[in-house]
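I opened a notebook for this protein and wrote down each thing as I looked it up. Come along and keep the structure beside you as you read.

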Amino acid sequence: MNEKDGKPMASEVTAALAPQRRLTHEEAHALTGAGLEALMQAAAARRDLAHGAVVSYSRKVFIPLTQLCRDSCHYCTFAQAPRKGQAAYLTLDQVLAIARAGAAAGCKEALFTLGDKPEQRYRVAREELTRLGHQTTLSYLAEVARITFEETGLLPHVNPGLLDASDLAALRKVSFSQGIMLESAAERLCARGGPHHGSPDKKPAARLETIRLAGEAAVPFTSGILIGIGETRAERIDALLALRDLNDRYGHIQEIIVQNFRPKPGTRMADAPAPSLEEHLWTIAAARLLFEPEMNIQAPPNLSPGSLHQLVNAGINDWGGVSPVTPDHVNPEAPWPHLDSLARATRYTGKLLAERLAIYPAYARQAEYWVDSGLRTALLHRVDTDGFARTDGWSPGVTDAPPAADLALITATHPASRAEVASILARAQRGETLDEHDIVRLFRARGEEFSSVCAAANELRSEVNGDTVAYVVNRNINYTNICSYRCQFCAFAKGKASEDLRGKPYDLPLEEIQRRVREAWERGATEVCMQGGIHPAYTGATYIDICRAVKAAVPEMHIHAFSPLEVWQGARTLGIPLEAFLSELKHAGLGTLPGTAAEILDDEIRAVLCSDKVKTAEWLQVMKAAHGAGLRSTATIMFGHIEKYEHWARHLLRLRALQTETGGFTEFVPLPFVHMEAPLYRKGRARRGPTFRETVLMHAVARLALHPLIPNVQTSWVKLGPEGVKACLRSGANDLGGTLMDETISRAAGASHGQEMTPARMEELIRSIGRSPRERTTLYGDSTRSGRSGAPAEKAGAGAAAPACLGGNSAISHVVSFQS
């Protein structure tokens with residue numbers, strides 16, 4: 001600061017406008033001397049570091065539980081004095097009627113707004129609470145929020161005013177987020193003549209204490225400031241810094257709202273001037289620069305009609321809750337914009353509107369910490385991998401058609417993308433190794449960026465594979481479903497360790513395996529894909545005997561068998577090195593290995609999914625040894641359950657690193673989690689699979705991230721159905737896998753797309769998108785046999801395209817599609 005006049009020096013202002021710097025308190029106050037244009041440019045750049053092209057919103061209903069309040073803010077029309085003949089509180093039936101109307105309109109949030117502790121001021125409030133069976137407004141709020149959630153599925157967010165630790169704890173059990181606006185840190189606004197005089201709950205220290213206690217209670221919290229009520233710019237900075245200091249300590253403030261005062265008739269401030277648009281933009285930009293880039297900065301869209309693009313340009317990344325059903329009861333004169341209009345206005349700024357829940361994505365991704373255990377399952381069922389709201393009912397394995405909006409984006413012509421995404425795509429197409437951040441950024445692609453990623457992957461597919469789509473005629477033989485492991489996603493395995501699973505345990509004798517092999521050969525198969533549970537009686541000799549039995553039955557049949565877990569277990573039971581056991585398997589007739597049991601190659605996730613299964617390094621060790629022994633393999637990922645995009649990226653990078661070393665992977669096979677019968681899902685601890693957008697992106701991003709080292713990307717008809725695999729074939733995939741003949745793993749998990757797809761149906765599907773079919777061998781040579789001659793009549797309900805030996809993915813563990 002200049003010692004003579006107290007104004008910020010030019011050097012301080014310049015430092016404060018660096019978008020990647022964290023501002024000191026002195027630099028923050030220097031913003032008061034910054035020009036608006038420079039401030040907004042720096043703020044927008046800082047916002048884009050963390051939020052990219054997305055501007056979010058929550059589809060909500062506004063439930064004014066009571067408009068009685070013990071405070072008398074001079075600008076407020078929400079708070080009302082008791083009126084004769086008018087109830088002090090909404091009844092439960094009234095609340096549920098509002099909530100049900102919101103749920104029918106697609107809302108996911110129930111916003112409870114109410115006056116602060118009216119029973120401490122009004123006898124009528126105390127009497128009505130007694131009739132309702134409660135002593136306090138907060139007790140009634142907790143009951144109503146709980147029942148609203150249970151009856152309608154809407155996720156409650158509560159704004160009840162000042163709270164102590166016990167209040168916060170009680171409300172945390174029935175809400176997904178809470179909030180209180182700081183409004184201002186200026187005590188003088190509470191003095192006589194100020195807007196908060198006569199409002200004991202508006203004292204800054206008391207409100208900051210509630211926010212602090214919320215941090216201690218791990219409550220995802222909303223706060224912010226109200227501008228234009230008599231405060232100075234410096235006082236706004238003080239308020240924002242006070243919030244930043246609390247968030248630095250607890251990390252619980254999920255959004256900062258910068259709300260502009262609007263004078264309302266009938267209030268003491270009816271004639272007070274509203275803040276100018278420039279002041280609002282300055283404050284939004286200042287808030288953005290004060291907080292970390294990841295902070296969500298919000299401005300209500302209904303309070304600035306006609307200026308939405310400027311709010312985005314000033315640094316917001318969120319519009320807050322927008323209701324298609326209820327008015328803004330705090331600002332009833334300001335109607336919500338129609339969601340289509342809001343999407344258009346957002347798109348005009350080069351951003352994409354994305355729906356979130358009451359709890360922001362970053363907090364939803366860490367629900368174990370931020371959300372009460374009784375609410376987590378509901379949250380998991382409503383979010384995608386990144387924590388945003390699921391907006392359709394599609395899941396892998398269901399027969400529902402893929403979302404039309406996503407299908408349209410995949411086939412969009414001339415998609416546009418931001419410079420950051422375009423740069424990543426260009427490097428991927430050149431075959432450069434992307435880093436984790438790059439890959440995560442591609443998985444976050446939505447809208448036109450999603451189109452761009454799919455188009456880039458499709459271009460690579462055309463360059464590498466031409467317009468040919470390959471498939472193999474094969475048969476799945478899952479020789480046992482008895483398993484001693486406890487994989488939490490597996491609905492296939494049976495045994496003492498399995499939990500709440502369907503079907504009877506079985507263990508096929510060698511003679512039955514041979515019969516199935518001969519039958520497959522007679523029907524034109526060139527491959528049998530064999531995997532099973534880890535039977536407690538199996539040893540390495542069992543797997544060798546299985547290979548010998550197959551070759552004795554049909555010497556020409558290619559054996560694609562044994563997950564890395566089975567190989568690891570087989571070597572251990574024989575007490576010999578992996579290399580020696582793999583040599584014996586190869587000598588007995590093993591041709592290639594399925595790359596299952598990979599699930600997610602990250603031990604943080606494996607500790608939950610399959611804690612007793614091989615670790616990441618062990619899986620890679622088996623594959624490296626197999627490739628060294630001259631046995632090639634596939635590589636898989638089973639995704640969409642408990643992991644995050646970062647785990648997907650690490651998985652792909654670990655595969656790329658091993659492929660760089662060995663060159664042994666023939667193809668990459670994404671296996672989306674089929675949730676319906678998976679134990680982890682049925683226990684309420686997993687999402688319901690990836691969204692369709694995420695499923696397509698896994699194929700597209702894999703094509704880009706693994707280029708040019710793994711030339712083939714396969715898509716699973718068992719999990720995705722005909723329309724799903726067509727979308728993936730247009731987004732980087734070039735292979736439909738196997739006809740399967742028998743597929744039990746995905747079906748055990750709940751998939752509904754059949755257990756066989758004949759070659760004729762495979763080829764019909766391929767030609768329907770203008771591609772040429774090619775029947776291949778396991779190692780991608782041209783098949784010298786035709787799978788058509790022995791094909792049976794088509795079965796009703798059969799699906800459309802599938803991954804070679806990887807049947808399904810649902811709750812399985814290491815079997816062909818042991819969700820793996």
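**Entry 1: the whole chain.** Before counting anything, I noted that helices (H or I, at least four residues) and strands (E, at least two) are DSSP runs, numbered from the N terminus. I also noted that this is a predicted model. The chain has 820 residues, and 62% of them count as buried. I then looked at contacts between residues with a separation of 6 or more, and 78% of these come from residues 24 or more positions apart.

**Entry 2: a covered strand.** I turned to strand E2, residues 109–114, and saw that six of its six residues are buried. Which residues point each way from E2? I wrote down Glu109, Leu111 and Thr113 for one way, and Ala110, Phe112 and Leu114 for the other. E2 has E1 as a partner: the two run parallel and are joined by six bridges. To find the pairing on screen, I looked for Phe112 in E2, which has Ile63 opposite.

**Entry 3: the largest pocket.** Next I went looking for open space. The largest pocket holds about 940 Å³. I listed 41 lining residues, and the closest to the pocket's centre are Ala50, His51, Glu294, Ala362 and Arg365. Several elements give two or more residues to this lining, among them helix H3 (36–51), strand E1 (54–66), helix H9 (233–250) and helix H26 (645–662). Sorted by class, the lining has 16 charged, 15 nonpolar and 10 polar residues.

**Entry 4: the second largest pocket.** I put its volume at about 770 Å³. Here 25 residues form the lining, with Leu353, Thr391, Ala405, Asp406 and Arg446 the closest to the centre. The elements giving two or more residues are E1, helix H12 (339–348), strand E9 (352–356) and helix H16 (404–410). I counted 12 nonpolar, 10 charged and three polar residues in this lining.

**Entry 5: helix H22 and its glutamate.** I picked Glu566, which sits in helix H22 (residues 564–574). Is Glu566 buried or exposed? Buried means under 20% relative accessible area; Glu566 has 0% relative accessibility, so Glu566 counts as buried. What does Glu566 touch, leaving out residues up to four places away in sequence? I noted Tyr479, Gln531, Gly532, Ile534, Tyr543 and Phe581. With Tyr479 there is a polar contact between the two side chains, at 2.4 Å. Gln531 lies 35 residues from Glu566 along the chain, yet their C-alpha atoms are 8.2 Å apart.

After H22 comes Gly575, where I read a positive phi near 70 degrees.

**Entry 6: a threonine in a strand.** My last stop was Thr636, in strand E15 (residues 632–639). Thr636 counts as buried because its relative accessibility is 0%. What does the side chain of Thr636 reach? I found the backbone oxygen of Gly595, at 2.6 Å.

Key: Residues are numbered from 1 along each chain as its sequence is written. This is a predicted model: local features need pLDDT of at least 70, side-chain atom pairs count only at pLDDT 80 or more; totals for chains, interfaces and linings use all residues. Side-chain values use heavy atoms; hydrogens and water are left out. On a 1 Å grid over the protein atoms alone, a cavity is a set of points where a 1.4 Å probe fits but cannot get out, and a pocket is an open set with protein on both sides within 12 Å along at least five of seven lines; lining residues have an atom within 4 Å of a point. Grid points are joined across faces, edges and corners, and a volume is the space filled by probe spheres set on the points. Ala, Val, Leu, Ile, Met, Phe, Trp, Tyr, Cys and Pro count as nonpolar, Asp, Glu, Lys and Arg as charged, and the others, Gly among them, as polar. Buried means under 20% relative accessible area, exposed over 50%, partly exposed in between (1.4 Å probe, protein chains only). Contact means heavy atoms within 4.5 Å. A polar contact is a pair of N or O atoms within 3.5 Å; within protein, one must be able to donate a hydrogen and the other to accept it, and residues adjacent in sequence count only if both atoms are side-chain atoms. Two strands pair if DSSP finds at least two bridges between them.
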